[in-house]
Amino acid sequence: MKFTKEQQRVIDVRNKDILVSAGAGSGKTAVLVQRIMGLLQDPDHPVDVDRILVLTFTRAAAAQMKQRLLEQIQEYLVKNPNDANMQMQETLLHNAQITTIDSFCLYLVKNHFHRIGVDPAFRLMESGEETLLCSEVLREVLEELFEKGEPDFLNLVDALNPDVKESKLESSIMNLHEYAQSYP
């Protein structure tokens, strides 16, 4: 693959943390895989792959990056079968932190719960539980607002929900919330 100047700069920069942000299909994964391969093979200061943190937004992107890195390492080893460092990197790749932001945060909390005062038996809420909790909280908030009867709120309800069915109002608010959550 032929890289642009900007992409090559990302591949070549050393001794710095970097943030790579680009649109879909722009070659981010290929650039980062090349960057990581360069770090692993650095003749003066090679880095172990399990000492590199790569955060993505989706599990699919993390899995794809790990897979492409594995393929690159294996391709290299076919040509250089006696490279002990790269043989070790192939093994260490399974422990590499190439993951989503939320998975990495969960990893930190699970491994350092004692330092941050979190119950070690904590668990993440399932999406169904989240939906129920959101609905319950929304109903309570709406009930409180209806009791207060403030004119601005009632005007908003009339604008969003002219047929005054509370379930439609809740649905409209939840849809708006989901839409807003899809933006950074």
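This is a predicted model: local features need pLDDT of at least 70, side-chain atom pairs count only at pLDDT 80 or more; totals for chains, interfaces and linings use all residues.

Residues are numbered from 1 along each chain as its sequence is written, and side-chain values use heavy atoms, with hydrogens and water left out.

How many salt bridges are there? The count is three, with a salt bridge taken as a side-chain nitrogen of Lys or Arg within 4 Å of a carboxyl oxygen of Asp or Glu.

**Glu129 and Arg123.** Select both. Their closest N and O atoms are 2.5 Å apart. Glu129 is partly exposed at 30% relative accessible area. Arg123 is exposed, at 55%. The cut-offs: buried is under 20% relative accessible area, exposed is over 50%, partly exposed is in between (1.4 Å probe, protein chains only).

**Arg139 and Glu170.** Go here next. The closest N and O atoms of this salt bridge are 3.5 Å apart. The pair links distant parts of the chain, 31 residues apart: Arg139 sits in helix α7 (residues 127-148), Glu170 in helix α9 (residues 166-181). Helices are DSSP runs (H or I, at least four residues), numbered from the N terminus. Is Glu170 buried or exposed? Glu170 is buried, at 14% relative accessibility, whereas Arg139 is partly exposed at 42%.

**Glu144 and Lys148.** Stay on helix α7. Glu144 and Lys148 form a salt bridge, with closest N and O atoms 3.8 Å apart. The two are four residues apart in the helix, so about one helical turn separates them. Glu144 is partly exposed, at 46%.
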